[in-house]
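This report is meant for a reader who is meeting the structure for the first time. Please keep the sequence and the 3D view at hand while reading.

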Amino acid sequence: MYFDDLKIGMRTEPAPAVIHKDKMLAFARDYDNIPLHTDEAYAARTHFGQLIAPGVMSFMAVWAKYLEADFFGEELLAGKSTKIEWMKPVFAEDVLSAVAEITALTKRSPRNGIVEVSICARNQKGEVVLTNVTEAIVKCRPLQENL
């Protein structure tokens, strides 16, 4: 969807993301290899009581589902920035549901604009586990189409 067609308040609810234990452990071993994510005996002794998913992995699971319902499609030029906040731990087999909403639009030029998408993800208990604000650069409708 072109920048010109987007509106603040547009929302999408991607399919839920399931945090499978085997994928969680594989991700942790490759990218965030700390005992809280990879050593069950260690994690059991923490205040979490069990392994927790790496935060980036939790976000990427939600993000992958968002991309299936993406606002932009082929009009996306590039990502500009992202800010993730983790509110609660995510555990193996948690099911994360999200809402993505366009929260800001800034026209940069006749060719593109910056779209801010805010995502709020909740676990199966309804608890907010993470929030994200991503800025993307999106094409404007070609000039000849705007006439």
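What follows moves from the overall fold to the nonpolar core and then to the charged side chains.

**Overall fold**

The model is a predicted one, and its protein contains five helices and six strands. Followed along the sequence, these elements come in the pattern β-β-α-α-α-α-β-β-β-β-α. The C-alpha trace spans about 65 × 30 × 20 Å along its principal axes, and the accessible surface comes to about 8200 Å², of which 54% belongs to carbon and sulfur atoms. The protein has 147 residues, and 36% of them count as buried. When contacts with a separation of 6 or more are considered, 70% of them are accounted for by residues 24 or more positions apart.

In soluble globular proteins, nonpolar side chains tend to be buried together. The largest nonpolar core of this protein has 34 residues, and those that touch the most other members are Ile 19, Tyr 66, Phe 71, Phe 72, Val 115, Val 117 and Ile 119. Two or more residues are given to this core by each of helix 1 (21-31), helix 4 (55-68), strand 4 (95-107), strand 5 (112-122) and strand 6 (128-139). Among the contributors, helix 4 gives the most, with six residues.

Which residues does Ile 19 contact, once its neighbours within four places in sequence are left aside? The partners of Ile 19 are Met 24, Ala 53, Met 57, Ser 58, Ala 61, Val 90, Phe 91, Ala 92, Glu 93, Asp 94 and Leu 96.

**Charges and salt bridges**

Side chains of opposite charge can pair when their charged atoms come close. The structure holds six salt bridges, and the table lists some of them with the distance between nitrogen and oxygen.

| Lys side chain | Partner | N to O distance |
|---|---|---|
| Lys 107 | Asp 4 | 3.6 Å |
| Lys 21 | Glu 40 | 3.0 Å |
| Lys 83 | Glu 85 | 3.5 Å |

The side chains of Lys 107 and Asp 4 meet in a salt bridge. Lys 107 lies in strand 4 whereas Asp 4 belongs to the segment before strand 1 (11-12), so this pair ties together parts that are 103 residues apart in sequence. Lys 107 is partly exposed, with a relative accessible area of 47%, and Asp 4 is partly exposed as well, with a value of 26%.

A second salt bridge to look at is that of Lys 21 with Glu 40. The pair links distant parts of the chain, since Lys 21 is in helix 1 and Glu 40 in helix 3, 19 residues apart. Lys 21 counts as partly exposed at 30% relative accessibility, and Glu 40 counts as partly exposed at 46%.

In the salt bridge between Glu 85 and Lys 83, Glu 85 is partly exposed with a relative accessible area of 36%, while Lys 83, at 51%, is exposed, because the cut-off for exposed is over 50%.

**A residue of helix 3**

Ala 41 is found in helix 3, which covers residues 40-44. At 47% relative accessibility, Ala 41 counts as partly exposed. The C-alpha atom of Ala 41 is separated by 29 Å from that of Pro 16, a residue 25 positions apart from Ala 41 along the chain.

Definitions and conventions. Residues are numbered from 1 along each chain as its sequence is written. This is a predicted model: local features need pLDDT of at least 70, side-chain atom pairs count only at pLDDT 80 or more; totals for chains, interfaces and linings use all residues. Side-chain values use heavy atoms; hydrogens and water are left out. Helices (H or I, at least four residues) and strands (E, at least two) are DSSP runs, numbered from the N terminus. Buried means under 20% relative accessible area, exposed over 50%, partly exposed in between (1.4 Å probe, protein chains only). Contact means heavy atoms within 4.5 Å. Accessible areas come from the Shrake-Rupley method with a 1.4 Å probe; for residues, only the protein chains shown count as cover. A nonpolar core is a set of buried Ala, Val, Leu, Ile, Met, Phe, Trp, Tyr and Cys residues joined through side-chain atoms within 4.5 Å. A salt bridge is a side-chain nitrogen of Lys or Arg within 4 Å of a carboxyl oxygen of Asp or Glu.
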